[in-house]
Amino acid sequence: MNILITGGTGYLGARLAFFLRKKNNIYIQSRKKKNNELKIKNIFQFQYNWKKHDILDKYLKKIDLIIHAAGVDSKFCENHKKKAEKCYLNNTDILYYYAQRHNVKKIINFSTTHVYGNSNGLIDENSKIDLYNNYAKLNHGREKIIFNYDNKKINFSNLRLSNCFGYPILKQTNCWHLLIPDICKNILVNNEVNLKTKLDDYKNFTTIYDLCRFIDNLKNFKKKLPETINFSAGKPEKISSMVRRLIKIYKTKEKKKPKEEIKNLKKINFFTKNYKSKYLKKLNFQFQNNYDFEINKMMQISKKFFINE
């Protein structure tokens, strides 16, 4: 199968490319120049800045599946609203126009559970939408663009991701400010855990490895996909529990005890959100929740990128 991944040099996109390349031809679209670390078998890179559409037109002629993973984070969405709108809305409209033109059969769009905003309790795909910030607004806007096209011919799904973490492929990946990568980097480089967060809060953590497995599942799914899927295991875990897991793995691997400076800003004795999906069983998918695998690998990567470079 020929697969196009937008944002293919990003945090999620690069991992997907490496995972899917064994049995597929992977075409990576990126605004940046070709990356030497991605010059491997079955991965083909092309530079496209969403302006010269003949480049996109050329590559989409042979594509069976689009994984639309390009995006920016919530901070960028608030600080650079026009650029963020172009990324999420204008560029998606261009992509889907050419996808329909070349009869691309399947599109998987990455979105976020942030679209549920301040909703509480058990949250599934029918729960109330609460677009509480620009990041949520733009992701939800991107979800709806497919309906401007002949979506009866395109098998599509909007995948709402929840706290997806894992090791990056590339050092330049914009992930080191996120909770788990930041702890891994800090603990390896500085032998310390320095946190200011709501440790008693719960997060619906998912791993990038599980995401890769799920995309592989959707890729081969023959029937009509659900229009929206919450990608969450439905097993919230305390942030403090995840931090302790990281510290335990570090002490075992490095034979060191890190300096801890953890300030709990506010205690929360119950979780307020539990994202679940009505469709995972129908799609024959089960989470492995292999947190330790991702954390171990992330520590290896952190040492390679920031200590042994």
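This is a predicted model: local features need pLDDT of at least 70, side-chain atom pairs count only at pLDDT 80 or more; totals for chains, interfaces and linings use all residues.
Residues are numbered from 1 along each chain as its sequence is written, and side-chain values use heavy atoms, without hydrogens and water. Local features need pLDDT of at least 70 and side-chain atom pairs count only at pLDDT 80 or more, while totals for chains, interfaces and linings use all residues.

Helix α6 (residues 179-190) packs with helix α8 (residues 239-254) at an angle of about 30 degrees, the axes lying 11 Å apart. Helices here are DSSP runs (H or I, at least four residues), numbered from the N terminus; axes are lines fitted to C-alpha atoms over the stretch in contact, with angles from 0 to 180 degrees between N-to-C directions.

Turning to charged pairs, the structure holds 7 salt bridges, each a side-chain nitrogen of Lys or Arg within 4 Å of a carboxyl oxygen of Asp or Glu. One of them joins E294 and R15 (2.9 Å, N to O). E294 lies in helix α9 (residues 291-306) and R15 in helix α1 (residues 11-20), so this pair ties together parts 279 residues apart in sequence. Both E294 and R15 are buried (under 20% relative accessible area; exposed is over 50%, partly exposed in between, with a 1.4 Å probe and protein chains only).

R245 also forms a salt bridge, with D292, at 3.0 Å between the closest N and O atoms. This pair links helix α8 to helix α9, with R245 and D292 47 residues apart. R245 is partly exposed at 25% relative accessible area, as is D292 at 36%.

Conventions: Helices (H or I, at least four residues) and strands (E, at least two) are DSSP runs, numbered from the N terminus.
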